[in-house]
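Thanks for coming, everyone. I'll keep this brief. Please have a look at the structure before I start.

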Amino acid sequence: MSPKFQLLAALSILLWAAGCSKPSPEAAGGTPAPGVSPEKKEEIRLNEWDLSSFFPSNNGTFIIRSLRTNQSYVFNETRAALREAPQSTFKVANALIGLQTGAVQDENTVKRWDGVKRSREIWNQDHTLATAMRHSTVWYYQAMARDIGNERMQQWLDAIDYGNKDISGGIDKFWNNSSLKISPMEEVEFITKLVQESLPFDKKVMQTVKQMIREEEQQPGYTLYGKTGGSSNPPFGWYVGFVQLQEDTLVFAAQVDGESGTLNKAKDITKLVLKERLLP
């Protein structure tokens with residue numbers, strides 16, 4: 001065999017070997033080869049939950065729904081179906097209606113403090129729609145409700161089917177221990193539609209309000225969104241919202257009886273539940 005032919009044969013063998021040793025698509029970070037399934041995360045099994053230990057006196061209710069599986073867990077179904085005043089959880093709906101109707105232009109719209117001293121020092125200053133949501137500033141959302149007006153407010157509560165839709169208690173107070181009532185189950189329905197952006201508002205409006213109720217991100221893939229509400233007489237507290245995980249989004253509503261000064265009890269219990277059941 002001539003030297004030239006030997007060289008060509010050696011090159012052919014080297015090229016064939018290189019082709020055989022080519023990394024698989026999954027090794028290269030590409031699409032897995034046919035028949036190879038990527039690792040799946042374990043589903044959250046809400047039907048196996050038991051949260052009775054968080055409510056030793058049976059003094060509240062907790063609902064959580066998986067938007068991935070449409071599975072729900074309800075503690076105290078009787079209480080979950082009972083309508084109560086939404087209190088400051090109504091700020092979520094109020095903000096959506098205010099933005100949609102143009103009563104406020106965006107989350108940075110400022111309203112000037114009227115100089116009246118109120119119970120929380122943080123309220124005694126100018127606020128934007130976003131800061132008033134964060135600090136639950138009552139006077140800001142009352143002023144916006146007056147700008148929306150009775151007719152438009154009623155039209156929108158009818159359109160989104162919010163609780164009993166009753167604003168007869170007065171345009172700037174119907175949600176605070178007054179005529180408007182909503183059940184924890186109805187709160188879950190409302191928040192679910194907000195998360196899925198299926199409410200009859202512009203998508204930008206819904207996205208803005210969702211960002212306004214973003215509270216914390218404890219780790220990548222775990223982001224908590226929520227709004228509190230509370231009443232001193234009778235004493236009870238709300239916490240409604242949703243938590244985004246890498247593999248699912250869970251909508252929740254908690255309502256807990258309490259004593260004056262403990263209106264964050266519903267939020268505290270919710271965060272304990274989420275930490276125990278969802279965080280590693």
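Let's start with Thr208. Thr208 sits in helix 8, which covers residues 203-212. Keep in mind that this is a predicted model.

Is Thr208 buried or exposed? The relative accessibility of Thr208 is 16%. The cut-off for buried is under 20%, so Thr208 counts as buried. What does Thr208 touch, beyond its neighbours within four places in sequence? Its contacts there are Leu99 and Glu107.

Now to helix 6. That helix runs over residues 150-160. Which of its residues are buried? They are Met153, Trp156, Leu157 and Ile160. Look down the axis of helix 6: the buried residues fall within an arc of 100 degrees, so they line one face of the helix.

What does that set pack against? The buried residues of helix 6 pack against helix 3 (90-101), helix 5 (138-148) and helix 7 (184-195).

Last, the whole chain. Its secondary structure is nine helices and eight strands. The chain has 280 residues, and 45% of them count as buried. Next, the contacts between residues at least 6 apart in sequence. Of these, 59% join residues at least 24 apart.

Methods. Residues numbered from 1 in each chain as written. Predicted model: local features only at pLDDT ≥ 70, side-chain atom pairs only at ≥ 80, totals over all residues. Heavy atoms only, no water. Helix = DSSP H or I, 4+ residues; strand = E, 2+ residues; numbered from the N terminus. Buried < 20%, exposed > 50% of the residue type's maximum accessible area, 1.4 Å probe, protein only. Contact = heavy atoms within 4.5 Å. Arc of directions from axis to C-beta.
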